[in-house]
Amino acid sequence: MKAIIGGTGTGLFYQNLERRSIITGFGEVEAFVLGDVVFIPRHRAEHTVPPHKINYKAEITAIKELGITSAIGIYAVGSITGKIKPGRWGLLSQFVDLSGRGITMFDNKAVHTDMTHPFSLELNEKIIASAKETGTIYGPACSDAVYVQTNGPRLETAAEVEVFSRLGFDVVGMTCASEAVLAREMDIEFAAAAYSINLAAGVQGTEETQFLDDASCSAVTAEMAKVFINLAGKS
Ligand code: HPA
């Protein structure tokens, strides 16, 4: 079994599937199962949980307790550089966590998990192969995007994004680093795919953040669903 953790706009991964409830020591997790794939909507199906309130530990514990050793996270992001443009998706190679959440599975133990390469290159290769196999229009646009995590739920200021841009960050979001850290700490192979739904604050002189319309979001997430379900069904 493989796990896919989805976020904003990934409802079509699990629409019409029966909702399950997984109880962990950290709380309850909502999940949907299709064959050999378990989907976890990190904001819950009704999109009621904001990024800073997500029960990340319960999510990753649920995956671990199901005996799953490999997971993919899907993230809506804002574009800072042109590496993943609005309406496109790509794979992440690194993150910088500026959220200040300090999340860890090891609150009461001195464990220092290696995080040099937070995402699995092997899994990224498999995603690229699955994209070739299923035929894609939108992506993956790259396999080396750098993600910066903010705490949210507010969006960034133009000055914050300008700093991010100077530091070489490609995309900004509010959830990926928290999940990647816990997955690595729990020894779960993890890859992250990001799809852009907006230009980040102030990029290209935007006065206010404009999000993609639902149809454009669905086009790209439908493609990702095909690629990831194909991959997850393989082993
Ligand atoms: N900033 C932070 N998180 C996001 C954004 C953004 O512009 N777009 C989607 N998630």
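Begin with strand E5, which contributes three residues to the shell around the ligand, the largest share. The model is a predicted one. E5 spans 70-79, and strand E8 (171-173) and strand E9 (189-199) likewise each supply at least two residues of that shell.

Next, select the ligand together with its surroundings: Ala-76, Val-77, Gly-78, Leu-155, Glu-156, Val-172, Gly-173, Met-174, Ile-197 and Asn-198. By class, these shell residues comprise six nonpolar, three polar and one charged. Display the pocket surface as well; the ligand sits in the largest pocket.

- Asn-198: a polar side-chain atom is 2.6 Å from a ligand nitrogen.
- Glu-156: an N or O atom of the side chain is 2.7 Å from a ligand nitrogen.
- Gly-78: a polar backbone atom is 3.2 Å from a ligand nitrogen.

The ligand taken alone exposes 260 Å², of which the protein buries 92%.

The whole structure contains one cavity of 30 Å³ or more, and the largest cavity holds about 40 Å³ of space. To outline the largest cavity, select Ile-4, Ile-5, Gly-6, Thr-10, Phe-13, Tyr-14, Phe-39, Ile-40 and Pro-41. Colouring by secondary structure shows strand E1 (2-6) and strand E4 (37-41), each of which supplies at least two residues of this lining. Colouring by residue class gives seven nonpolar and two polar residues in the lining, with no charged residue.

Methods
Residues numbered from 1 in each chain as written. Predicted model: local features only at pLDDT ≥ 70, side-chain atom pairs only at ≥ 80, totals over all residues. Heavy atoms only, no water. Near = heavy atom within 4 Å. Polar contact = N/O pair within 3.5 Å; in protein donor to acceptor, adjacent residues only side chain to side chain. Areas by Shrake-Rupley, 256 points an atom, 1.4 Å probe, with all protein chains shown as cover. 1 Å grid on protein atoms, 1.4 Å probe; cavity = no way out; pocket = protein on both sides within 12 Å on 5 of 7 lines; lining within 4 Å. Sits in = over half its atoms within 2 Å of the grid points. Helix = DSSP H or I, 4+ residues; strand = E, 2+ residues; numbered from the N terminus. Nonpolar A, V, L, I, M, F, W, Y, C, P; charged D, E, K, R; others polar. Points joined across faces, edges and corners; volume = space filled by probe spheres on them.
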